[in-house]
Amino acid sequence: MKKLLAVITSMTTVAALTSCGSTKKEEKKTIGIAMPASELERWNSDGEYLKSEFEAAGYNVELVYSNNDSAKQNNDLIKLISDKVDLLLVAAVDGTKLSDTLDSAKTAEIPIVAYDRLIMKTSAVNYYISFDNYAVGKLQAEFVSDKLDLKNSSSTYNIEFVGGDPIDNNARYFFDGAYETLQPYIESGKLNIPSGKNTLEQVATKDWTTANAESNMKSTLSSYYSSKTLDVALCSNDSTALGVTNAIESDYKGSNAPIITGQDGDAENLRNIVDGKQAMTVYKNLHDEAKVAFEVCKTILSDETPAAGLVDKLDVQTKFDTDSYNNGTKYIQSYLLEPTVITADNLQLLVNTGLYKWDSGNKYLELVNATEVPTS
Ligand code: BGC
């Protein structure tokens with residue numbers, strides 16, 4: 001694997017140098033990568049993997065994590081801009097709070113690519129790379145609907161929604177995708193929401209943390225479920241699903257195992273899937289998302305325009321979309337990848353990505369160390 005990395009490094013470095021031409025341009029270019037927080041498993045994997053991928057291709061990387069703190073992320077970005085990075089790849093903490101900082105990056109002619117979360121209210125953003133976020137919620141809802149056979153069943157079920165943090169633009173897409181898919185069953189009375197919480201604001205989880213999801217679910221259980229059955233907790237992602245699982249284990253009075261959904265494929269949640277505590281997760285291959293980000297950034301840094309043509313060069317199923325994501329100033333050209341449903345029955349799909357491996361007992365999955373992951 002190391003050998004593969006070395007070969008790719010030398011090949012891509014040579015390619016980068018030959019395509020740049022002049023002596024000045026032979027200096028390594030620097031990518032500034034800003035991730036929201038290292039506490040949540042996925043951003044750690046994203047950050048480390050992107051860093052190793054760019055470095056392997058001969059770029060310098062400045063990688064920062066901002067503790068889920070938007071003021072810190074602004075300062076981190078100001079520092080990267082003053083370091084004169086050649087491009088910024090940013091997964092925003094709060095997509096609405098970076099406008100001034102990123103406008104100054106635009107003035108300094110630093111291209112900006114929004115990673116996973118759209119950056120709002122600034123025309124400085126050039127491209128957006130993410131998964132089809134609405135589809136994530138839709139897949140969670142379709143899973144629930146199939147599992148309960150809502151189409152044919154004459155039973156009624158109780159469901160609660162657990163959303164993300166609305167300061168993250170994705171949170172609304174996940175919630176809408178799930179809620180709108182189940183809405184016909186909610187309206188017909190097949191699905192009841194005993195808490196009555198049916199908007200993202202009412203089911204939001206601040207900072208997406210496990211602790212906040214756990215305390216929210218505990219209070220929902222004590223207020224509405226002293227004698228009711230909870231059939232489904234439709235959680236937007238794995239960190240919130242974990243909190244809900246904890247709350248159910250400690251405070252739920254019923255004897256059934258509610259269907260719990262998730263997103264990301266975090267290691268602890270995958271254990272819960274094996275153990276039957278969580279029913280599914282929607283997996284977004286970070287390797288693929290990083291690969292697309294890498295190609296978009298590389299193309300921009302070669303003074304070319306990625307546009308629709310880039311999709312044909314990718315070996316990852318990606319949609320080029322110019323009319324779904326408006327950030328309040330314009331539609332941002334987007335590259336959207338397809339998410340996948342993971343259950344206890346198809347965990348091997350994760351192993352096939354090269355990002356997970358079976359543990360020594362062949363029962364649970366572990367994450368493969370970012371630096372050992374084969375590059376494309
Ligand atoms: C990402 C999810 C992640 C969530 C919390 C979202 O923007 O798309 O993958 O679970 O943030 O970090």
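**View 1. Polar side chains at the ligand.** In this predicted model, an oxygen atom of the ligand is 2.5 Å from an N or O atom in the side chain of Asp 116. A polar side-chain atom of Asp 264 likewise lies 2.5 Å from an oxygen atom of the ligand, and for Asn 170 the corresponding distance from a polar side-chain atom to a ligand oxygen is 3.0 Å. On its own the ligand has 310 Å² of accessible area, and the protein covers 100% of it (Shrake-Rupley method with a 1.4 Å probe).

**View 2. The shell around the ligand.** The ligand is surrounded by 13 residues, the closest being Asp 116, Arg 117, Asp 168, Asp 264 and Lys 284, where a residue is near a molecule if one of its heavy atoms lies within 4 Å of it. By residue class, the shell consists of 4 nonpolar, 3 polar and 6 charged residues (Asp, Glu, Lys and Arg count as charged; Ala, Val, Leu, Ile, Met, Phe, Trp, Tyr, Cys and Pro as nonpolar; the others, Gly among them, as polar). Helix 2 (41-56) and helix 6 (169-188) each contribute at least two residues to this shell, with helices taken as DSSP runs of H or I of at least four residues and strands as E runs of at least two, numbered from the N terminus.

**View 3. The loop residue Asp 264.** Asp 264, which is among the residues closest to the ligand, is placed in the loop between strand 9 (259-260) and helix 10 (267-274). Its phi is near 125°, a positive value in a residue other than glycine. Asp 264 is buried, because its relative accessible area is 12% (buried means under 20%, exposed over 50%, and partly exposed in between, with a 1.4 Å probe and protein chains only).

**View 4. The loop residue Asp 149.** Asp 149 is found in the loop between helix 5 (133-147) and strand 6 (157-162), and its phi, near 50°, is a positive value in a residue other than glycine. Asp 149 counts as partly exposed, because its relative accessibility is 35%.

**View 5. Thr 245 in helix 9.** Thr 245 has its place in helix 9 (residues 238-251), and it counts as buried because its relative accessibility is 4%. Along the chain Thr 245 and Tyr 283 are 38 residues apart, and their C-alpha atoms are separated by 19 Å.

**Notes to all views.** Residues are numbered from 1 along each chain as its sequence is written, and side-chain values use heavy atoms, leaving out hydrogens and water. For this predicted model, local features need pLDDT of at least 70 and side-chain atom pairs count only at pLDDT 80 or more, whereas totals for chains, interfaces and linings use all residues.

How values were computed: Polar contact = N/O pair within 3.5 Å; in protein donor to acceptor, adjacent residues only side chain to side chain.
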